[in-house]
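Please look at the sequence and the fold shown here.

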Amino acid sequence: MSKVAVVFWSATGNTGAMAKAVGEAAASKGAEVDYLGPGEFSSSKLGDYDAVAFGCPAMGAEVLEETEFEPMFTELEGSLSGKKIGLFGSYGWGDGQWMRDWQDRATAAGANLVSDGVMANNAPDDEALENCADLGRALA
């Protein structure tokens, strides 16, 4: 059985709803799923998981949340080579540049992205939730 970590930050609940969809779909494929906040995850825990889904909304000028999520992801970047990961998050403005930048960072770190990053404009609609489920199944 694979172990999947769903590591996310959510202020409004939109990215949290996406995290739930990712985790439930991974579990439906038989994965053991842990939901963790950025303060609960570090490179020392990365090896405990077969795959990781990272969820963070766009903040400010289309950047990752800077107080908790960005420092955690920066600390992990050097350990992502060969790791099976997925990215997801919500946004309220812009065109998703934060997700493209984030994917570029993950790819540059050598991570194995299982799909393009999943985005939802504000609250995730049915299509966004189905894309989250696809991501979860791909990680399982």
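**A covered strand and its partners**

Strand E3 (residues 51-55) is mostly covered, with 5 of its 5 residues buried (buried means under 20% relative accessible area, exposed over 50%, partly exposed in between, with a 1.4 Å probe and protein chains only). Strands (E, at least two residues) and helices (H or I, at least four) are DSSP runs, numbered from the N terminus. This is a predicted model, where local features need pLDDT of at least 70, side-chain atom pairs count only at pLDDT 80 or more, and totals for chains, interfaces and linings use all residues. Residues are numbered from 1 along each chain as its sequence is written, and side-chain values use heavy atoms, leaving out hydrogens and water.

Both faces of E3 are covered. Ala51, Ala53 and Gly55 are buried on one side, Val52 and Phe54 on the other. E3 pairs with E1 in the parallel sense over 5 bridges (pairing takes at least two DSSP bridges). Here Phe54 of E3 is the bridge partner of Val7. E3 also pairs with strand E4 (residues 84-91), again parallel over 5 bridges. Val52 stands opposite Ile85 in E4.

Ser2 lies in the segment before strand E1 (3-8). Is Ser2 buried or exposed? Ser2 is buried, because its relative accessible area is 18%. Beyond its neighbours within four places in sequence, Ser2 is in contact with Ala31, Glu32, Asp50 and Ala140 (contact means heavy atoms within 4.5 Å).

Now the helices. Residues in H1, among them Ala17, Met18 and Ala21, meet residues in H5, including Leu129, Cys132 and Ala133.
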